Amino acid sequence: MGPSISLNDVGLRYENNIVLQDISVSLDAGKCHVIMGPNGGGKTSLLRSILGLTPFKGEINVNWTDSKGKIGYVPQKATFEPSLPLTVLDFILLNQSRSPLFFNFNKKHKVKALAQLARLGMADRAMFRMGQLSGGEQQRVLFAQALLDNPDLLILDEPTNGMDDQGVRYFESLISDLVKEQKTILVVHHDISAVRRLEATVHVVNGVLIESGDASEVLQTNKIEQLFNHYRSTPVSDVVNDSTVNSEVA
Amino acid sequence: MDTLRLLASQGAEAGWLSESFSYAFMVNALVAALLVGPLLGGLGTLVIAKRLAFFSEAVGHAALTGIAIGVLLGEPPENPIIGLFCFCMIFALLLHFVRNRTAVPYDTLVGVFLAVALAGGAALLMYVARKINIHMLENVLFGSILTITDFDLLVLGISCLLIIVGLMFTFNRILLASISPDIAKVRGYNTHFYDYLFVMMITLVTIAAVKIVGAVLVGALLLIPGATARLMTKNMGSFVLLSSLLATLSCLIGTLLPMELKLPIPSGASIILVAASFFLIATIYRIVGGRS
């Protein structure tokens, strides 16, 4: 069972730029939650705050049912130098095992890594360099990496960026399977029609939390334009980051 | 070591080995080359992956100041190990500390630190020159196989052991922390710890290799075998192994060749020239093969 996550008065600023303020919301355990909003609205910053990667003001609690479980994370993008001979298999092994890549003769590790890649349709690219893959293929590998430890909490930042239709459909079926296994999933997504297909709770963020609820309620056609306005209509007050905030993830 | 030197001497007398092997310093130098080669080659792959080539060069140049400080504080001029170790370690850690706390681009910061270290070294050398024959410093700057002692081999052996054991447990994490720090952090790895650990490894191997390759050229031996292997390999495992092999071969051939051909070339220079010739061959191979 995945954890529930509660955010209380979460705020974040980079120097004079206020990114988030007064975000208070509870994310139920074992559900898929989609964070949407216009560009620059603070979606990625919110994910990074939950992961403990960015200092923030307020309180974020990740409430595990038993002991602290595993977390899988797919960043928005990762840059791989094309000339570095880091293969897809190397990258998975890097995340999976402590045995150094130049001394890893354990066949079990390789079999497990290849099985994970096969799950994402990337087994035939195992010996390709990471830097040679297309953006969509890299996203698939990053997704395979996130699923390695069978995580209870999966945090995905625009995971279908650059993916083809087949990849997007596969992603959706995988999310559906993971929700059935009662994993908690938190996704930043920008494709409204794709989000409508997911059985998810949608949270629209644009500096502040604009609206939360079932996708069918939040993403009504007549509300879309208002929800995704690029500019912020709400005046923002001063927010100061406080890195001493309690977060069980950090 | 005595047994090894005796065996080499007997081998030379019997005609199985070249005459060079009858000299004790030559055996010392070859043992040093066998110890330091794989390590420099292996670490060099991480230097390339982390884009720290300029950094390793700077640490090598900082050795000049470290040596000057050591001599001024009363260490023997032929082996000022404490001054060298302390200054290089402080230089490297301070550079990394400042990097983590400012928005100054890393190459700019390394450039500033390198210039300060060199200027400091040049200033101190004026005082050092009053105490010792300044030409002794050439050995430290460009390497000298004649000066390798059993104590140097002991320091080298301990350094190599520490780094190899460290790398066996941390190689993957150091690499992941440089390729994708966010994923590494989410996995619970302390990326700052692995960054500093790597910096300390580079500094340690630089100090250990100063006698054989020289302070000015040790950065090149961290870089060139890795750069060559990158052109020739298709995965990280073979990248590390080939880089280690090329660095070891460069050290061995670069040490032996001037002796055999009776060329008055410092060991550091000949080692780097051998390593560079491997790089040239690999580059031509890639260009001719149309795979550059």
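Chain A is divided into domain 1 (1-64 + 152-250) and domain 2 (80-151), with bounds that come from an automatic or database domain assignment. The model is predicted: local features need pLDDT of at least 70, side-chain atom pairs count only at pLDDT 80 or more, and totals for chains, interfaces and linings use all residues. Residues are numbered from 1 along each chain as its sequence is written, while chains are lettered from A and ligands numbered from 1 in the order in which they are written.

**Domains of chain A**

- The centres of domain 1 of chain A and domain 2 of chain A, taken over C-alpha atoms, are 27 Å apart.
- Domain 1 of chain A contributes 10 residues to the contact and domain 2 of chain A contributes 9 residues; two residues are in contact if their C-beta atoms, placed from the backbone, lie within 7 Å.
- On the side of domain 1 of chain A that touches domain 2 of chain A, at least two residues each come from β6 (153-157) and α5 (165-180) of chain A. Helices (H or I, at least four residues) and strands (E, at least two) are DSSP runs, numbered from the N terminus.
- That side of domain 1 of chain A comprises 5 nonpolar, 3 polar and 2 charged residues. Ala, Val, Leu, Ile, Met, Phe, Trp, Tyr, Cys and Pro count as nonpolar, Asp, Glu, Lys and Arg as charged, and the others, Gly among them, as polar.

**A:M122 in chain A**

- A:M122 lies in the loop between α3 (107-119) and α4 (135-146) of chain A.
- A:M122 counts as buried because 22 other C-beta atoms lie within 10 Å; the cut-offs are 20 or more for buried, 12 or fewer for exposed, and partly exposed in between, with C-beta atoms placed from the backbone.
- Leaving aside residues up to four places away in sequence, A:M122 touches A:V88, A:L117, A:E137, A:R140, A:V141 and A:A144.
- A:R140 is 18 residues from A:M122 in sequence, and their C-alpha atoms are 7.4 Å apart in space.

**Contact between the chains**

- In the contact between the chains, 23 residues of chain B meet 24 residues of chain A.
- Two or more residues of the side of chain B that touches chain A come from each of α7 (150-179), α8 (181-186) and α11 (236-260) of chain B.
- The largest contribution to this side is that of α7(B), with 8 residues.
- The side of chain B that touches chain A has 14 nonpolar, 5 polar and 4 charged residues.

**Annotated spans of chain B**

- The unreviewed UniProt entry annotates "transmembrane region" in chain B at several spans, including residues 196-224 and 236-257. UniProt positions are given in the numbering used here, feature names are shortened, and annotations may be inferred rather than shown by experiment.
- Residues 196-224 of chain B are 86% helix and 0% strand, with end C-alpha atoms 23 Å apart.
- Residues 236-257 of chain B are 100% helix and 0% strand, with end C-alpha atoms 31 Å apart.
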